[in-house]
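Subject: Handing over the structure

Hi,

Here is the structure I promised to pass on to you. Please open it alongside this email.

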Amino acid sequence: MLRVTAAAAAAIGLVFGLFPAISPTGAAGFKTVISFGVNRAADDLDPVTQDANPNIWAYMQIYQQLLRVNAAGDGFVPDLATSWKVSADGKIWTFKLRPDAVFSTGEPVTSADVVWTFQRAHDLDGPWQWALEPMQAITALDAHTVAITLKEPFAPFLSDVSLFSNSIGSVKAFKSASHEEISNHPIGSGPYMLVDWKKGEQLTMRANPHYYTRGLPRTPELRIIYIPDDNTRTIALQSGRVDGIDYPPFSLLSALRGDPRIEVQLNPSTAVQHVLLNVSKAPLNNVKLRQALSYATDRAGIVKAVLYGNGTPATSFLPITTPFFDKGLKAYTLDLNKAQALLREAGVGSSVTLHAMVQSGNADAQTATTLLKAMWSKIGVNLEIEPLDRAAATQRMRNLDYQVYVGGWTNDVPDPSELAAYEFDYVTAKSYHTGYQSAAMTALIKQGERELDTAKRRQIYYKMQELAIADAPLIWLYYAPYTDALNKNMRGFVQLATGPWIFTNVSVTQ
């Protein structure tokens with residue numbers, strides 16, 4: 001058992017005082033409710049407008065796409081579409097819909113819903129609009145057949161169709177709805193439907209009675225409970241008040257493995273942890289300074305201290321599991337002499353002070369930031385650390401009102417185009433809110449999206465990785481597995497390599 005501090009105990013009392021009736025027992029010896037503690041709260045359940053994992057992973061219980069990424073994260077499986085084909089010229093994609101899919105409202109899923117969903121995702125100004133940029137037209141050929149015509153052949157199109165932002169919604173329910181109404185009352189055809197949302201506290205979902213696979217989901221109710229403090233969330237699992245948690249800190253994994261009631265899972269992931277640098281303002285608009293910081297960063301030391309060895313130092317912006325990851329890339333290694341030389345070339349003086357935001361209660365981010373402070377001090381860079389709650393830090397990041405911020409990314413599709421666009425295309429998301437702008441990088445992004453020859457496409461992404469190393473708008477730290485800790489009585493839990501949890505087959509015995 002982990003030691004329960006007074007503060008943690010008080011926090012648990014606060015959290016569970018709000019939800020006193022968690023996890024009742026089912027008549028057949030199975031719980032009728034799954035309670036899952038998460039480190040981040042959902043705040044927007046509109047698939048088109050949001051860009052944060054807690055939202056995506058929550059509404060993926062509610063919505064379906066035409067096809068979805070498989071568990072390994074390297075291919076596709078049918079979802080609402082049973083089959084698909086592309087024309088010989090690569091410009092027309094045709095999807096056949098399953099005839100038995102029904103929204104939680106009882107209305108059947110038809111081609112009209114797909115047409116409305118894709119047209120909205122294409123037209124609405126949002127962080128994922130780029131995914132349907134090549135779409136010229138979408139047409140319902142019959143009630144269960146849809147054709148999408150592209151302006152030109154587009155290499156990652158199938159990946160982009162599988163993206164969460166293209167979750168199929170009900171045109172009947174949503175056609176006249178506002179963004180707020182769609183976010184607050186999502187309606188999909190997935191295994192669960194939202195019945196209550198206490199924002200900043202808990203999402204409550206119940207089984208969709210019209211879900212096309214009879215007998216699923218196995219557990220009638222799912223509660224996703226926001227418990228931001230790592231220690232508090234871990235103790236909530238050990239106390240039996242929740243059945244599972246995400247992101248138990250690596251520092252606690254050994255203790256959790258020693259608890260016979262707990263199973264610790266390290267699941268394959270597409271996660272990359274990195275340091276965002278605001279390159280839109282001095283002094284981090286100086287590439288020599290950014291390169292100096294990259295050489296002064298001991299990635300292996302961070303993997304050892306933060307992940308307790310359960311990860312790999314990062315060499316590229318791409319996850320290792322993503323196609324076109326360049327194993328031979330000449331990446332940054334710890335070299336203080338090079339770092340000091342680059343700092344002199346930068347002309348920023350012998351002593352530089354930078355300010356780093358760090359999320360309160362995020363043990364891994366706090367440890368990594370503290371390590372960076374010690375590492376960078378060796379070349380004369382002083383890092384002042386400012387703790388902030390996640391919401392405040394996120395807002396400042398999006399407003400480019402920061403200098404240094406440790407964060408992370410999970411790749412959502414088995415293709416490098418998504419991360420390349422989000423991280424280096426200023427129009428998409430201010431280049432992951434670093435402010436980075438490069439005409440050469442933008443040109444490579446466009447080439448990578450349109451080149452259909454696999455060998456040529458691979459070389460484009462290799463060049464992109466080399467340019468990212470040279471420009472260093474971020475410092476890529478490490479590749480880490482997804483960590484989950486579960487009640488050993490839980491069965492059937494899956495976390496995809498792309499991130500979302502799958503609760504459809506989960507059951508918890510007493």
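Predicted model: local features only at pLDDT ≥ 70, side-chain atom pairs only at ≥ 80, totals over all residues.

Residues are numbered from 1 along each chain as its sequence is written, and side-chain values use heavy atoms, with hydrogens and water left out.

Let me start with the cavities. On a 1 Å grid over the protein atoms alone, a cavity is a set of points where a 1.4 Å probe fits but cannot get out; a pocket is an open set with protein on both sides within 12 Å along at least five of seven lines; and lining residues have an atom within 4 Å of a point. Grid points are joined across faces, edges and corners, and a volume is the space filled by probe spheres set on those points. Helices (H or I, at least four residues) and strands (E, at least two) are DSSP runs, numbered from the N terminus.

Searching the whole structure turns up three cavities of 30 Å³ or more. The largest cavity holds about 100 Å³ of space. Its lining has 17 residues, and those closest to the centre are Arg-40, Ala-41, Ala-42, Leu-203 and Ile-224. Helix H2 (53-59) and strands E8 (192-198), E9 (202-207) and E10 (221-226) each give two or more residues to this lining, with E10 giving the most, three residues. By class, the lining divides into 11 nonpolar, two polar and four charged residues (Ala, Val, Leu, Ile, Met, Phe, Trp, Tyr, Cys and Pro count as nonpolar, Asp, Glu, Lys and Arg as charged, and the others, Gly among them, as polar).

The second largest cavity has a volume of about 80 Å³. Of its 13 lining residues, Pro-47, Val-48, Thr-117, Arg-120 and Ser-167 lie nearest the centre. Helix H3 (residues 111-123) supplies the largest share of that lining, four residues.

Phe-36 and Trp-501 form an edge-to-face pair, 5.4 Å centre to centre with 65° between the planes. Phe-36 is in strand E1 (residues 33-38) and Trp-501 in E22, 465 residues apart, linking distant parts of the chain.

Finally, some backbone details. Cis peptide bonds, with omega about 0°, join Leu-216 to Pro-217 and Ala-282 to Pro-283. Pro-217 is in the loop between E9 and E10, and Pro-283 in the loop between strand E13 (271-277) and helix H9 (287-295). Tyr-308 is not a glycine, yet has a positive phi of about 55°.

Enjoy exploring!

Best wishes

Note on methods:
Phe/Tyr/Trp six-rings, centres within 6.5 Å; stacked < 30°, edge-to-face > 60°.
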